[in-house]
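Look over the sequence and the 3D view before reading on.

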Amino acid sequence: MLNVGQLKSEWFGNVRGDLLAGLVVALALIPEAIAFSIIAGLDPKIGLYASFCIAVVTAFAGGRPGMISAATGAMALLMVTLVRDHGLQYLLVATLLTGVLQIIAGFLKLGALMRFVSKSVVLGFVNALAILIFMAQLPELQNVGWETYAMTAAGLGIIYLFPFVNKIIPSPLVCIIGLTAVSMIWGLDVRKVGDMGELPATLPFFLWPEVPWNLETLAIVFPYAAGLTVVGLLESLMTATIVDDLTDTPSDKNRECKGQGLGNIAAGLMGGMAGCAMIGQSVINVKSGGRGRLSTFFAGVMMLAMVVFLKDWVSQIPMPALVAVMIMVSIGTFSWDFLKDLKKSPLSSSCVTIATVIVVVFTHNLAYGVLVGVLLSGVFFANKVSRLFSVSSQLDESGQSRAYTVRGQVFFASAEKFTAYFDFKEAIDKVSIDVTNSHFWDITAVGALDKIVIKFRREGTDVEIIGMNEASRTLVDQFGVHDKPDAELVNGH
Amino acid sequence: MKSEKQVFACLDGSSATYDVCDWAIWSAKQLNCDITLLHVLEKKGHDAGKDLSGQIGIGSREQLMEELVALDEKRGKLAMEQGKIILAEAKSYIEKKSAAQITTKLRHGTLVETLSDLKSDIQLVVIGHMGVEHQGGQGIIGSQVESVIRTLDRPIAVTRPPFAVPDQVMIAFDGSQTSYRALDLVLRTELLKGRSCHLVMVGDKTDDLEAAKTKLENAGHKTIASHREGDVETELWKYVDEHNIGLLVMGAYGHSRIRQFFVGSNTTKMLHHAKIPLVLLR
């Protein structure tokens, strides 16, 4: 329900805080947008346009006020091969398609699927992302002179030490301005942003991608768009949850999916790359006092304004300054608590996280990592639940009848153990199996019960099943054999 | 037999608190039910961040979380203390005047949200015409009140200080389907028993007015029917002044003129103009 009061408070509930935080974020967005364009093999202007479009559109259409979305490293890494093999125009089509798929996901309420992504997988995602951002900086540090190393180190020093002196001026900004000044004054031999490609000279304008609109194009871009959709939504929804937790306010996850989709469509039409929510930037926003939609909007607008008007200066920024900022982002994104808690947390959870990280680092695709993480969590969970299961038995006084009592969950992972509990070698007249306190979940479980009943019958033992609860009964009714005439046939052999 | 549903008095510690309490006492007696005192702790206000360093380092997220939680905790505890005091004071005030059972409820969330959650327990919501935030600002109806009226489908009494037992009750009537339904609601509620009902119609006179009057009389209400010409709003308020009306009764159903008059786009304006309490039946 659209409510005027709510709208007002989401936009103007915190004007001063939002504007200040938006400015801080805008400053932090510039180096990131440039760096991520470079990762994707694009001109810096592509990432800057994308960041502007996505930030402004999600400010209106997103479901999580105060969250910052723009061009991101996670997305940039996915498009490297597309850009290299097919060029920018195909990337724009992939970006548009990503937007459409994300909107569809929003309407299908696929945000709810996030509940299958466990905390361990989220940790893996975040840490893998941090590692990827860090690794993406390494090429800038290879085959370069000592000046680059010295400047990167100095940049990191400024970023982390300056806040002890002053908390009002963003330290990454001080780092960038300081290093730019130093490199210009002494004319140091380092690469500059201007060397990396074109910077935006104007505001973005409408641009219809120049590609043949046919199935061949679709076949090229679809796999990329699918990956971008998944990674974009995952990171956005994870970030939304982080912002929810930080601010103790709810968000509309399905609206966020649609908002991300609209943002990407806008980016695709304005000559920008696909993007999503940014964990680091959103944390910076909240930390700087940003809470409302205004902060996201202002960040996007200010970022582009600064770049367009200060283009000549921006092109002079030395790459080591960007590298320092990006190393800060990767350090800030990494969840160090994971390492701290490694000893305390259950082995299976740590395995999931580490597997997610390893898969991502090797494939450079966060979607694969999350897929492996989710599957692994499922397997570990099934394994754990399969232990919630026991069978006990008692022979009655006459020695001719045995009562088995089954407790717990019987399903594919525990069916074998379930069967193994029964003693078919024992020659007795009657066996009763009490399943009142158990649950038969799937056809494997039902099949196992069938097998047991039939096996007993073939030994000449009567079998009685007690207390099949309703849910189990439907399953048995649908798939079971032992209570149907066919079972008698088998018995008759 | 006492009704299981309750009169919900919404308190926010504004100057209208005692007025709302008195109203709750009276309506609980009329409806023969108990009283729940409700105070909702809304989360509001953000502290602008002090750290504009734009820097994130090791454990920044966790540290920020700690800081924000600590801040909210302090604020939350204070608000809760204050809420408890408001409720305790109102409870002791009502206990002196009424035999009804009193429950106090302190909840987090928004007022609208809380009332919708507790909907099934609500017989009548009593709410002051403006909240603590609007104190001093004359003639503004609380935005809270407005959204409660718009969203909650339970009877609502909007009070105006000072409290007086409403003996003369006005029912605006326009002969439409919906105003008949509103009339049915009047017949069904116990709230108005023993009051004199003024059935007022503005505009073209029809036989409906007499029919409605008979209906009310048959139900045992002392009824005065009256017909006026002119602008609906002005005439209704004029009647209120002339006959010392203490309560305005509305049925909020559909989209009749009268409903629009109150619950439509004119809500704010209307409640703003009202100098007397009003009850919206549903």
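## Domains of chain A

The domain bounds used here come from an automatic or database domain assignment. On that basis chain A has two parts, domain 1 (9–335) and domain 2 (389–492). The model is predicted. Between the C-alpha centres of domain 1 and domain 2 of chain A there are 58 Å.

## The open sheet of chain A

Chain A has an open sheet of four strands, arranged β3-β4-β5-β6, with mixed pairing. At its edges are β3 (389–395) and β6 (462–466) of chain A; each has a single partner strand, so one side of each has no neighbour in the sheet. On average, neighbouring strands of this sheet are turned by 15° against each other, direction ignored.

Within the sheet, strand β5 (residues 430–440) of chain A runs parallel to β6(A), and five bridges join the two. A:Val431 has A:Val463 in β6(A) as its bridge partner. Helix α20 (residues 443–458) of chain A lies across β4 (401–410), β5 and β6 of chain A, at about 175° to β5(A).

## Nonpolar cores

The largest nonpolar core contains 136 residues, and A:Met79, A:Ala94 and A:Met273 have the most contacts inside it. Helix α2 (residues 15–40) of chain A supplies the largest share of this core, 18 residues. Leaving out residues up to four places away in sequence, A:Met79 touches A:Ala40, A:Leu91, A:Ala94, A:Tyr224 and A:Met273.

Another core lies apart from this one and has 67 residues, including B:Val40, B:Ala100, B:Ile122 and B:Val148.

## Chain B as a whole

The secondary structure of chain B consists of nine helices and ten strands. Of its 282 residues, 40% are buried. Among contacts in chain B with a separation of 6 or more, 81% are between residues 24 or more positions apart.

## Strands of chain B

How many residues of strand β4 (residues 122–128) of chain B are buried? Seven of the seven are, so β4(B) is largely enclosed by the rest of the structure. Strand β1 (residues 3–10) of chain B runs parallel to β4(B) and is joined to it by five bridges. In that pairing, B:Cys10 stands opposite B:Ile127. β4(B) also pairs with β5(B) in the parallel sense, over four bridges, and there B:Val126 has B:Ala157 as its bridge partner.

Strand β5 (residues 156–159) of chain B pairs with β10(B) too, in the antiparallel sense and over three bridges. Opposite B:Val158 stands B:Leu278 in β10(B). From strand β10 (residues 278–281) of chain B, B:Leu278 and B:Leu280 point one way, while B:Val279 and B:Leu281 point the other way; all are buried.

## One residue in strand β2 of chain B

B:Thr36 belongs to strand β2 (residues 33–41) of chain B. Is B:Thr36 buried or exposed? A residue counts as buried if 20 or more other C-beta atoms lie within 10 Å of its own. B:Thr36 is buried because 23 other C-beta atoms lie within 10 Å.

B:Thr36 and B:Phe8 are 28 residues apart along the chain, yet their C-alpha atoms are separated by 4.9 Å. Not counting residues up to four places away in sequence, B:Thr36 touches B:Gln6, B:Phe8, B:Thr103 and B:Lys105.

## Where the chains meet

The contact between the chains takes 36 residues from chain A and 22 residues from chain B. On the side of chain B that touches chain A, α2 (60–97) and α4 (143–151) of chain B each supply at least two residues. The most comes from α2(B), which gives seven residues. By class, the residues on this side of chain B are seven nonpolar, ten polar and five charged.

Two packed helices are described by the angle between their axes and the distance between the axes. The axes of helix α10 (residues 215–247) of chain A and α2(B) cross at roughly 35° and come within 8 Å. On α10(A) the contact is made by A:Ile242, A:Asp245 and A:Leu246, and on α2(B) by B:Arg61, B:Leu64, B:Met65 and B:Leu68. This contact of α10(A) with α2(B) has five nonpolar, no polar and two charged residues.

Terms used: Residues are numbered from 1 along each chain as its sequence is written. Chains are lettered from A and ligands numbered from 1 in the order in which they are written. This is a predicted model: local features need pLDDT of at least 70, side-chain atom pairs count only at pLDDT 80 or more; totals for chains, interfaces and linings use all residues. Two residues are in contact if their C-beta atoms, placed from the backbone, lie within 7 Å. Ala, Val, Leu, Ile, Met, Phe, Trp, Tyr, Cys and Pro count as nonpolar, Asp, Glu, Lys and Arg as charged, and the others, Gly among them, as polar. A nonpolar core is a set of buried Ala, Val, Leu, Ile, Met, Phe, Trp, Tyr and Cys residues joined through C-beta atoms within 7 Å. A residue is buried if 20 or more other C-beta atoms lie within 10 Å of its own, exposed if 12 or fewer, and partly exposed in between; C-beta atoms are placed from the backbone. Two strands pair if DSSP finds at least two bridges between them. Axes are lines fitted to C-alpha atoms, for helices over the stretch in contact, and angles run from 0 to 180 degrees between N-to-C directions.
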